[in-house]
Amino acid sequence: MEKAMIEKLIDTAIKQLDFSYTPYSGFKVGAALLTKKGEIYTGCNIENASYGLSNCAERSAIFAAYSQGYRKQDIVSLAIVSDGKRIGTPCGACRQVLVELLEKDTPIVLSNGKDTLVTTIAELLPMSFDSEDLS
């Protein structure tokens, strides 16, 4: 993946931090998903007083793309940016969703605006449970 596109996705995800609703944790996360058609879908984390009903930025972005008809083979990359001191990684629930909705080798760009790491869901969730386990 080209450095310019990585930077564009990170910048787009950073802009999503402004839309995060985090009155409880104060921990803001933004995400930007790139499709093969060049469209970018975004998301941010939205908290709820009933914590289990909160939604993470990466799930918001991927659900937005899927709700427009895109599927895993249409996704080029996903960037996830947090406002923490170190690079944030997807929570367990998001990892399980991403293992189902991304190709195993889709680049996932993680950043805190200073440091950046490019990984995949296969690296983030090795030995995952997925649809192949149900057959």
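Colleague: Which residues have the most contacts inside the largest nonpolar core?

Modeller: A nonpolar core is a set of buried Ala, Val, Leu, Ile, Met, Phe, Trp, Tyr and Cys residues joined through side-chain atoms within 4.5 Å; buried means under 20% relative accessible area, with a 1.4 Å probe and protein chains only. In this predicted model, where local features need pLDDT of at least 70, side-chain atom pairs count only at pLDDT 80 or more, and totals for chains, interfaces and linings use all residues, the largest such core has 21 residues, and Leu33, Ile62, Leu78, Leu98, Leu102 and Ile108 have the most contacts inside it. Its largest share, 5 residues, comes from α2. Residues are numbered from 1 along each chain as its sequence is written, and side-chain values use heavy atoms, with hydrogens and water left out.

Colleague: Is asparagine 112 buried or exposed?

Modeller: Asparagine 112 is buried, with a relative accessible area of 8%. This residue is found in the loop between β4 and β5 (116-119). Not counting residues up to four places away in sequence, asparagine 112 touches Val81, Ser82, Gly84, Lys85, Arg86 and Ile87.

Definitions and conventions: Buried < 20%, exposed > 50% of the residue type's maximum accessible area, 1.4 Å probe, protein only. Helix = DSSP H or I, 4+ residues; strand = E, 2+ residues; numbered from the N terminus. Contact = heavy atoms within 4.5 Å.
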